[in-house]
Amino acid sequence: MTQSHRLENIGLINRNKKISFKFNGKKLFGFEGDTLASALLANNVHLVGRSFKYHRPRGLFGAGIDEPNAKLQVVINGQSEPNINATEIELVEGISATSQNCWPSVEFDIGAINNFLKSFFPAGFYYKTFMWPKSFWYRVYEPFIRKAAGLGVGSIEKDKERYEHKYEYCDLLVTGSGPSGLASAYAAAKTGAKVILAEDKPRFGGSLLTDDVNIDNLSGKDWAYKIISELKKMPNVTLKNRSQVFGYYDHNMLVMFERTGDHLDKKSKYHPRQRLWYIRSKEVILSTGSIERPIVFGNNDTPGIFLASAAKEYMKVYGVAVGKKPLIFTNNDSAYETAIEFKKNGIDPIVLDTREEQNSELINDAKNQGIQIKFSHAVAVANGYKKVKSAKIGKLNSNKTGFENIEIVQCDCICVSGFWTPTVHLTSQSGNKLKFNKDIDAFVPDKSKQKETTIGAANGSFTLKETIEKSFESGADVGKKLTANQVNIQVPSVTEKKHKSHDKFWCSPLPKNENPKRFVDFQNDVSVADIELALREGYRSIEHVKRYTTLGMATDQGRTSNLNGLQLVSNIENKIVPEVGHTTFRPPFTPVTIGTIVGREVGHHYMPTRKSPMHEWHLKKNAVFVDAGAWKRPRYYKQGNENLFEASKREAKNVRENVGICDVTTLGKIDIKGPDSAEFLNRVYTNAWMKLPVGKARYGLMLREDGMVMDDGTTTRISENHYHMTTTTAQAANVLSHLEYYLQIVWPELNVNVVSTTEQWAGAAIAGPKSRELLKKLFPDLDVSNEGLPFMGYVESSLFGVPAKIFRISFSGELAYEINVESDYGLSMWEKLMELGKDLKVQPYGTEALSTLRIEMGHVAGPELDGRTIPSDVSLDGMVSKKKDFIGKRSLVKEAFIKNDRQKIVGLVPTDRKSSIPEGSHIVSDKNGKLPNPKLGHVSSSCWSVENNNPFSLAIIKDGKNMIGKKFFAVSPLHKKAIEVEVISSHYVDPKGERVRS
Amino acid sequence: MLHIKCPYCGIRSQKEFAYGGDATVKRPKLNSDVSDKEWDDFVYMRKSPRGKHIELWHHISGCRQWFKAQRDTATHEIFKTAKINEEIK
């Protein structure tokens, strides 16, 4: 097919570069500078999709973000993406697009039967029909509706493209590069302010590219080019085309979506496809312009019906005629420019103007050019199924409620103009109320809530002279406010044709004995009858009407439908539009890809990964890692075909029999210094700290003010006023904030400083009966005897010439030590330990073995300290000082906390000594009990006891130790398990704690 | 996203801060007699006003200082920020 509707000698496209593309399998050609939409229209392709509900044929309607119909499935760069607006995507070689919501094809769509059954699909159809039976919703109705309705198909492939985020700060952000945007950005930039000018389209200039105006003896387009080229030379100005500001958030944070890749033929590997900008701007000028609104009439959704402004843009920007027998249907002057443009290109239009005989510069111009104009006329019904073939038009009666006559005119397109709606989405998102301007029948911004000004057409100013003058003034004012520099700019002289006021006509009456669909919202298939029905059924609030009928809820956010919907509601309700009000505008203003929102935070970049200095060693030894917050910790070291269970058993057993080493770098470490450190610890921990000697460590328990255990760990007195605190891996950050809170806010009189040293030290735990021998080998000159370094003792030494800290502390319950060395030497320490420990049968052990060892010993950890347990619940009442006050102490005497039958920690073994008990199992006395089966408690931690060679668990159960000897069931419906268990002491191994002191 | 003026570092993005709740709550003194009600008020009871609220923020990804901010909970306008030992009226 040739480009039958391409015009000669007009447009901004590059005719030297022909581009091939595919639409529904057919190969077509366009030019560089085309959008997919303009290229389709150049080839006289109008039918692009089927409507959402009725599967009616739909064609292109707008030329930009106003387009409601042309949502296509597009393959770009080998990736398929749904719901792409044909009017916004630029034509590149090899692009392939297909229609959506139709089967088997857009030309022949089975779903179109809905159109003939339309009386069965009224507003709220789904709510009314699929109510019963209730259980059918998920299984039958919802899958059916999802299949029948909807848009394109999302890909399940991984997105191969790159998306980026950018943070930017500026003095002034100007959104939109039409006349108001250009003038204000230019004036502000002249004051020296740092300005960003954002334009959604590839070309700057907005309406100046298509309006027939004259500024300083230049055409609108040429003046725009001149201003842009001057702005480009200014170092304080950033010009961004293909960039849509789509969200306005608190404190002047705006979010912009930049299309950086799709328009390029080729791009390098790391070139992003799209970029999200977070812009914090001191001031904002919203120059978002306006969108033409349609007039509603019968079958007004037929392909070949356009906004008049879109038809003009297709001619003047793309050199494309949307038809060769155009009918122009208007209630105002602006559509006459479209008519004149057709005429200039050798195409004879007919203009229907709903107003009585008018004279204005523009109308007279049209008359003088011999354009046929029918005043007091309107389109009643469009004829044609897949394309407009003719229209029933008529002379309106005096009050415009009916037609005096009906005649048929042949036409191949209808260009409609129902006047202009300011684009107030961003100003509304900023928090501003809107006020109704009766002169233009639309909402305009009221007072500014944030530091922003709305100007030009977005503010309801529809004459260029006023817009240019005020925009220069606003730009200079804002610039002066920001920089204190005054500039005097000669405001250019503007020549434009004067317009007569528009007619408040927005919906054609129906011709006698006919009842065609009249659509208000194309994208969601909402007709006049649907809204009428909703009101008859009692919906009054515009927000309810919107949700019931889905008016304005589609991806175009009702850009062309909102005001007509409001007009309809206000007419029926006999109210004026401002009383009906408007629905809320929410970001995003235009659809944004998920990829852009996510940016680079995908895969392993989703969150930062923390690795210990020994990480590479673990990797080499086949460690299987587990996430501990942001840390990666070895869970077990796989040997041969071992599974988790076998490996962890081997590792734990080796600790009990020989010696094992575990990477404990991830433990939180906090350095505490200052003369009041002891007093501070005494208030933070439940136990006493005033008398801890230098060179000794102590186990400490920390509560929240509500009495719940927050964290535990050891703290060591390094010197008189210097302590080294350890926290659990998970709570490290919280504990530091907690300490800072009390030091800075509650007890600022304490002279103490805290700082995290977690990443400064690499740590290795050495545990097992042979750990002393291994330590001796590493520090041959150190007295590591039981007397020289007793349990809970601390010494400093050096390793590889750098300081090392040696603590005799134990989590495994065995004789054990922890060595800390400067992080950079962690790997050397680890390798040295493995080398020296060879004949002692040293093995590394992971977190799974670590858990086994601590569970057997009855040591509590995260699963027991889950924020719901107080010290006595986990058998740590001995740690609670009666003599002093501390954080959370007052809560411990509350009635609920001193009750005897609280759930407390115990040990559990399966009576068969074989069945492993799933963590999270509930403890019940009758496994077949009637639901809800009374729950006595739950299993918090489970392991295979390597000491006793049978399963063992810790559980928190009602009445705790008083239940020892009783038998219950641990039930886990998830695992379909009910295991008989016996309650025993939580200290299953070495209950007297002799090993750690040996 | 809010723009918050840390009294030590200046204006920074909300991303750097953690919220810390009502700044007017005072912890009862250590070793003092505290009734159940007083204690519960301190631990649990918080007002949720619409309008001006004096609250704590922690510059957690910055200087790590806690400070006070007076914010309108409805509009998010921040009127003032102050160091802990300074008053906001």
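The model is predicted, so local features need pLDDT of at least 70 and side-chain atom pairs count only at pLDDT 80 or more, while totals for chains, interfaces and linings use all residues. Residues are numbered from 1 along each chain as its sequence is written, chains are lettered from A and ligands numbered from 1 in the order in which they are written, and side-chain values use heavy atoms, with hydrogens and water left out.

In chain A, 5 strands make up an open sheet with parallel pairing, ordered β17-β24-β18-β19-β20. Strands (E, at least two residues) and helices (H or I, at least four) are DSSP runs numbered from the N terminus, and two strands pair if DSSP finds at least two bridges between them. At the edges stand β17 (305–307) and β20 (372–375) of chain A, each with a single partner strand, so one side of each has no neighbour in the sheet. From one strand to the next, the twist averages 20°.

Within this chain, β18 (residues 326–330) and β19 (residues 350–353) pair in the parallel sense over 4 bridges; Phe329(A) has Leu352(A) in β19(A) as its bridge partner. Helix α7 (residues 308–316) of chain A lies across β17 and β24 (413–417), at about 85° to β17(A). Axes are lines fitted to C-alpha atoms, for helices over the stretch in contact, with angles from 0 to 180 degrees between N-to-C directions; contact means heavy atoms within 4.5 Å.

As for disulfides (pairs of cysteine sulfur atoms within 2.5 Å), the count over all chains is 0. For Cys662(A), the nearest cysteine sulfur, in Cys943(A), is 16 Å away. The sulfur of Cys9(B) lies 3.6 Å from that of Cys63(B), its closest, which is too far for a bond.
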